[in-house]
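Subject: Handover of a structure, with notes

Dear colleague,

I am passing the structure below on to you, together with my notes on what was found in it. Please read the notes with the coordinates open beside them.

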Amino acid sequence: MKQEELFEQARVFIETCYAELEKSEADKNNRLKEIHQQIMSLGHYDHTLEELEHGARMAWRNSNKCIGRLFWQSLNVFDKREASTVEEVRDALFHHIEYATNDGKIRPTITVFKPKMQAKEPVRIWNHQLIRYAGYETEYGVIGDPDSVAFTKVCQKLGWEGEKTHFDVLPLVLQVNEKLPRCFEIPKYLVKEVAITHPELAEFEDLRLKWYAVPMISDMKLEIGGIEYVAAPFNGWYMGTEIGARNLADTYRYNQLPKIASMMGLNMDYNATLWKDKALVELNLAVLSSFKREGVSIIDHHTAAQQFHLFEEREQKNGREVTGNWTWLIPPVSPTTTHIFHKPYKNKVLSPNYFYQDAAY
């Protein structure tokens with residue numbers, strides 16, 4: 001990126017950020033002079049802690065696919081830009097997992113490592129999520145999560161061997177200073193999981209389903225004012241449908257609906273019996289009740305939609321347009337029961353934001 005282009009992106013961010021933080025015009029102008037000098041002499045600039053914190057929160061607020069943006073100001077930001085060894089990065093991620101999990105009372109958290117500089121990536125996390133289940137190809141089909149098959153093979157090439165169950169937690173794969181990646185097992189005491197049972201259907205226990213408590217996305221980059229943090233894992237808490245209507249239900253994931261329908265004695269001969277719908281509702285009920293039973297933060301899609309409506313109202317009061325990706329905002333169960341289904345959104349990408357990036361492997 002050219003110096004002039006970087007400064008322009010920095011300027012736009014600083015003007016918005018400092019206005020929202022109610023900084024003085026003098027503070028803003030002095031800061032822009034500092035940034036300009038840094039960019040002209042070094043080709044980049046460093047965010048202050050305050051800028052990093054607010055920028056990360058703004059990025060959540062601007063995330064078009066996220067229905068949970070009401071709580072953007074509550075994001076806990078850990079500045080780990082000083083981490084320079086793979087062990088320091090590993091320990092910071094262990095801390096993130098422990099802090100965010102909080103024994104089930106989940107805290108929205110992001111840990112930010114050194115940004116990309118001069119096309120070099122000081123830190124890169126290869127995992128899609130900090131905690132995720134492995135997937136093993138066998139002659140009888142996939143054991144575990146089919147979506148993890150490729151990454152599981154990467155881990156195995158690096159020397160990791162799982163127990164080959166349906167719910168093996170993958171190791172962290174970390175790359176520092178573009179050296180060879182290294183594998184680190186996540187200590188079991190850090191991984192909180194929830195056994196999925198049903199409040200009325202005891203047969204659910206026979207499925208032996210479970211899921212991890214916290215979704216910690218770790219392969220997206222955080223962009224603030226032209227600076228790209230390619231290692232910045234973040235989390236909120238689950239909306240129940242993410243697990244009950246996608247992870248455990250999708251045919252290309254754990255594909256549990258046929259088993260549940262059979263267990264319930266539903267007629268699966270015709271689509272018109274709506275056996276998939278009936279099984280899907282009960283699976284989602286099981287997920288929500290199981291998380292609540294274990295005291296783990298989770299939200300149902302109806303409440304999430306109501307919270308998003310409140311977010312829209314607050315943003316309007318603050319003179320900000322709410323952008324959104326409609327296909328992601330509508331829940332995968334009963335979307336027409338939410339106001340989101342009946343409302344158009346501009347899928348305009350704002351900055352700061354979180355962006356997909358090519359896999360490191």
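Throughout these notes, a residue is called buried when its relative accessible area is under 20%, exposed when it is over 50%, and partly exposed in between, with a 1.4 Å probe and protein chains only. This is a predicted model, in which local features need pLDDT of at least 70 and side-chain atom pairs count only at pLDDT 80 or more, whereas totals for chains, interfaces and linings use all residues. Residues are numbered from 1 along each chain as its sequence is written, and side-chain values use heavy atoms, with hydrogens and water left out.

Salt bridges

A salt bridge here is a side-chain nitrogen of Lys or Arg within 4 Å of a carboxyl oxygen of Asp or Glu, and the structure holds 25 of them. One joins the side chains of Glu-193 and Lys-210, with an N to O distance of 3.5 Å. Glu-193 belongs to strand β8 (residues 193–196) and Lys-210 to strand β9 (residues 209–212), so this pair ties together parts that are 17 residues apart in sequence; helices (H or I, at least four residues) and strands (E, at least two) are DSSP runs, numbered from the N terminus. Glu-193 is partly exposed at 29% relative accessibility, and Lys-210 is also partly exposed, at 26%.

Another salt bridge, between Lys-28 and Glu-25, has an N to O distance of 3.0 Å, and both residues lie in helix α2 (residues 25–42), 3 residues apart, or about one turn of the helix. Lys-28 is buried, with a relative accessible area of 14%. Asp-250 and Arg-246 meet in a salt bridge at 2.8 Å, N to O; Asp-250 counts as buried at 14% relative accessibility, while Arg-246 counts as partly exposed at 35%. Salt bridges that share partners also join Glu-20, Arg-61, Glu-315 and Arg-320 into one network.

Two open sheets

Two strands are taken to pair if DSSP finds at least two bridges between them. An open sheet of 3 strands runs in the order β12-β11-β16 with antiparallel pairing, and its edge strands, β12 (227–229) and β16 (353–356), each pair on one side only. On average, neighbouring strands of this sheet are turned by 35° against each other, direction ignored. Strand β11 (residues 220–224) is joined to β16 by 4 bridges, the two running antiparallel, and Leu-222 stands opposite Tyr-354 in β16. Helix α3 (residues 49–61) packs on the sheet and touches β11, β12 and β16, its direction making about 115° with that of β11; contact means heavy atoms within 4.5 Å, while axes are lines fitted to C-alpha atoms, for helices over the stretch in contact, with angles running from 0 to 180 degrees between N-to-C directions.

A further open sheet has 4 strands in the order β1-β2-β13-β10, with mixed pairing, and its edge strands are β1 (76–79) and β10 (216–217), each pairing on one side only. Between β10 and strand β13 (residues 234–235), which run antiparallel, there are 2 bridges, and Met-216 stands opposite Asn-235 in β13. Helix α3 packs on this sheet as well, touching β1 and β2 (109–112), with its direction at about 135° to that of β1. Helix α4 (residues 86–101) packs on the sheet too, touching β1, β2, β10 and β13, and its direction makes about 170° with that of β2.

Helix packing and a buried glutamine

The buried residues of helix α5 (residues 149–157) are Val-149, Phe-151, Thr-152, Val-154 and Cys-155, and they pack against β4 (135–138), β5 (141–144), β6 (172–176) and β7 (182–184). After α5 comes Gly-159, whose phi is positive, near 105°.

The axes of α7 and helix α8 (residues 275–293) come within 9 Å and cross at roughly 95°. That makes α7 roughly perpendicular to α8, given that angles under 35 degrees count as roughly parallel, over 145 as roughly antiparallel, 65 to 115 as roughly perpendicular and the rest as oblique. Among the residues that make this contact are Leu-257 and Met-264 of α7 and Trp-275 and Leu-283 of α8.

Gln-256 is found in the loop between α6 (240–247) and α7 (257–264), and is buried, with a relative accessible area of 5%. A polar atom of the Gln-256 side chain lies 2.9 Å from the backbone oxygen of Tyr-254. Leaving aside residues up to four places away in sequence, Gln-256 touches Leu-207, Leu-209, Leu-248 and Ala-249.

Conventions
A polar contact is a pair of N or O atoms within 3.5 Å; within protein, one must be able to donate a hydrogen and the other to accept it, and residues adjacent in sequence count only if both atoms are side-chain atoms.
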